[in-house]
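Let's take a friendly walk through a protein model, from the spaces inside it to the way its parts pack. Have a look at the picture before reading on.

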Amino acid sequence: MARIKTDKDITKREVILHAASELFRQRGYKAASMRDLAEKIGIEAASLYNHIRSKSELLYDICFNTAATYNEHLESVEASKDSYLKKVETILRFQIRQMIENSDNVIVADREWVHLDDAYLSNYQTMKHNYRKRFNQIITRGVETGEIKKINVPSTIWLLLHAVNGIESWHRSKTQIPPDELEENMISILIGGLKK
């Protein structure tokens, strides 16, 4: 019987989660089966259950681990002494890097969370709402202090987040610009548009 192949720095569970996030992104959570996942990893479907309880557990881990990563970063930005404009830039750079380096998890957490079990759904919605609210507060304070030009903050949040989500098409592009160049271009345009 085949075993899950791991490197010294990654656990079997992490291998399964990584494969699941790729599969859920490619096929969607509903369409992806445990048999598909086992095949992707190269083991028997029954063997998966030695490491996880269910497909829904995988979605839970992907969504909540991703949300925790974003929230931890946001907390460090909120606590920093940087200007409000610099805080917005730091948040955007982090989000851009996540979309470049961790896109499967980010996209699954952003799109497939609606399939979370009912017991977790409202908690996850609250986490997403609170993240946007806190990001909104940073921009609002920047406007109030004159660091950021007068703008409609809710629509600005929407625009910034959707611009970062658009990096998904960069992954599919045949003429990819280097990641660092992509980041700098986006920051130049997005932050440049907020400067007074």
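How do the residues of the lining of the largest cavity divide into nonpolar, polar and charged? The answer is three nonpolar, one polar and three charged. Keep in mind that this is a predicted model, and the values here are computed from it.

**The chain as a whole**

Start with the overall plan. The chain has ten helices and zero strands, and reading along the sequence gives the pattern α-α-α-α-α-α-α-α-α-α. Its C-alpha trace spans about 65 × 40 × 30 Å along the principal axes. Of the 196 residues in the chain, 42% count as buried. Now consider contacts between residues at least 6 apart in sequence: 68% of them join residues at least 24 apart.

**The cavity**

Back to the space we began with. The structure holds one cavity of 30 Å³ or more, and about 40 Å³ of space lies in the largest cavity. Lining the largest cavity are M99, V106, I107, D110, R111, N165 and E168. Helix α6, residues 103–111, provides the largest share of this lining, with four residues.

| Pocket | Volume | Lining by class |
|---|---|---|
| Largest pocket | about 410 Å³ | ten nonpolar, five polar and three charged residues |
| Second largest pocket | about 270 Å³ | three nonpolar, eight polar and four charged residues |

The largest pocket has a volume of about 410 Å³. Of the 18 residues that line the largest pocket, Y70, D110, K128, Y131 and L161 are the closest to its centre. Several helices take part in the lining of the largest pocket: α4 (55–79), α5, α6, α7 (118–144) and α8 (153–165) each supply at least two residues. The most comes from α7, with five residues.

The second largest pocket is lined by 15 residues, and L17, H18, S21, N102 and N105 lie nearest its centre. Here the elements that give two or more residues to the lining are α1, α4 and α6. Of these, α4 gives the most, with five residues.

**A closer look at S21**

One residue of that second lining is worth a stop. S21 is found in helix α1, which covers residues 12–27. Is S21 buried or exposed? S21 counts as buried because its relative accessible area is 1%, and the cut-off for buried is under 20%. Leaving aside residues up to four places away in sequence, S21 touches I62, D104, N105 and V108. N105 is also among the residues nearest the centre of the second largest pocket.

Finally, find helix α5 (residues 84–101) and helix α10 (residues 179–192). Their axes come within 10 Å and cross at roughly 145 degrees, and the crossing is right-handed. On the α5 side, the residues that meet α10 are L85, V88, E89, L92, R93, I96, R97 and I100. On the α10 side, they are P179, D180, L182, E183, E184, M186, I187, L190 and I191. Sorted by class, this contact has eleven nonpolar, no polar and six charged residues.

Key: Residues numbered from 1 in each chain as written. Predicted model: local features only at pLDDT ≥ 70, side-chain atom pairs only at ≥ 80, totals over all residues. Heavy atoms only, no water. Axes fitted to C-alpha atoms, helices over the stretch in contact; angles between N-to-C directions. Left-handed = near helix turned anticlockwise from the far one by under 90°. Contact = heavy atoms within 4.5 Å. Nonpolar A, V, L, I, M, F, W, Y, C, P; charged D, E, K, R; others polar. Buried < 20%, exposed > 50% of the residue type's maximum accessible area, 1.4 Å probe, protein only. 1 Å grid on protein atoms, 1.4 Å probe; cavity = no way out; pocket = protein on both sides within 12 Å on 5 of 7 lines; lining within 4 Å. Points joined across faces, edges and corners; volume = space filled by probe spheres on them.
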